[in-house]
Amino acid sequence: MNKLVEITPQYTVPKGVKVFRVASFADSRGELMPTFSDEGGVFGENFGGIKQVNIIKTKKHVLRGAHVSIDPQHKLVMVTKGTVTQVLLDLLPLNKGNDATQYIIRHDGDCPIIVLVPPYIANALYSVTKATIVYATDTHFNEDLELSVSLSSPQEWEYGDTLPLQSAKDEKSISVAEARSKMYEHHSN
């Protein structure tokens with residue numbers, strides 16, 4: 001029996017994104033969450049299996065991303081502690097210009113969900129509170145293939161009056177049009 005229940009229809013997300021509720025089991029010893037069981041192929045036929053798993057312990061009011069890999073990369077994102085707003089930017093088709101719809105998913109570590117992010121969807125994580133995030137990919141991280149893309153309307157997801165803490169790379173993020181151009185050029189060669 002699969003311990004992940006797909007609940008994607010409850011969310012407005014880009015094509016190919018899947019959202020799963022995590023079933024946990026508790027007894028006198030504690031709790032077990034079988035988070036990455038691909039039993040029955042729930043993640044889809046193109047999911048290449050997990051190659052890298054990262055545990056991110058983040059401070060409150062931190063923005064990570066929006067990141068996207070030039071080469072195809074699936075990501076699995078789950079918050080195990082705290083509250084996080086995930087913002088997804090649909091970069092397909094690659095020749096569309098500078099318009100990209102932002103999709104927002106709220107994560108609560110007390111009621112975890114897993115979000116499967118397919119290739120060419122930029123992914124950003126904003127920590128509303130201190131949080132612990134499990135972030136897995138089906139390829140190994142390659143800094144030369146990762147782009148940091150500007151979010152168009154961060155005020156829509158309410159980070160307040162002050163800008164969140166970001167990495168130097170994310171502060172120099174590129175526009176959606178530039179990201180699409182780099183991806184299109186990479187795949188045309």
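Ile55 is exposed, with a relative accessible area of 55% (buried means under 20%, exposed over 50% and partly exposed in between, with a 1.4 Å probe and protein chains only). The model is predicted, so that local features need pLDDT of at least 70 and side-chain atom pairs pLDDT 80 or more, whereas totals for chains, interfaces and linings use all residues. Residues are numbered from 1 along each chain as its sequence is written, and side-chain values use heavy atoms, leaving out hydrogens and water.

Ile55 lies in strand E5 (residues 52-58); strands, of at least two residues, and helices, of at least four, are DSSP runs numbered from the N terminus.

An open sheet is formed by five strands in the order E9-E8-E11-E6-E13, with antiparallel pairing (two strands pair if DSSP finds at least two bridges between them). Strand E9 (102-108) and strand E13 (146-148) are the edge strands, each pairing on one side only. From one strand to the next, the twist averages 25°, where axes are lines fitted to C-alpha atoms, for helices over the stretch in contact, and angles between N-to-C directions run from 0 to 180 degrees. Strands E6 (residues 63-69) and E11 (residues 121-127) pair in the antiparallel sense over three bridges, and Leu63 has Tyr126 in E11 as its bridge partner.

Strand E11 also contains Asn123, which is buried, with a relative accessible area of 2%. Beyond its neighbours within four places in sequence, Asn123 is in contact (heavy atoms within 4.5 Å) with residues including Arg64, His67, Lys75, Gln86 and Tyr135. The C-alpha atoms of Asn123 and Gln102 are separated by 9.9 Å.
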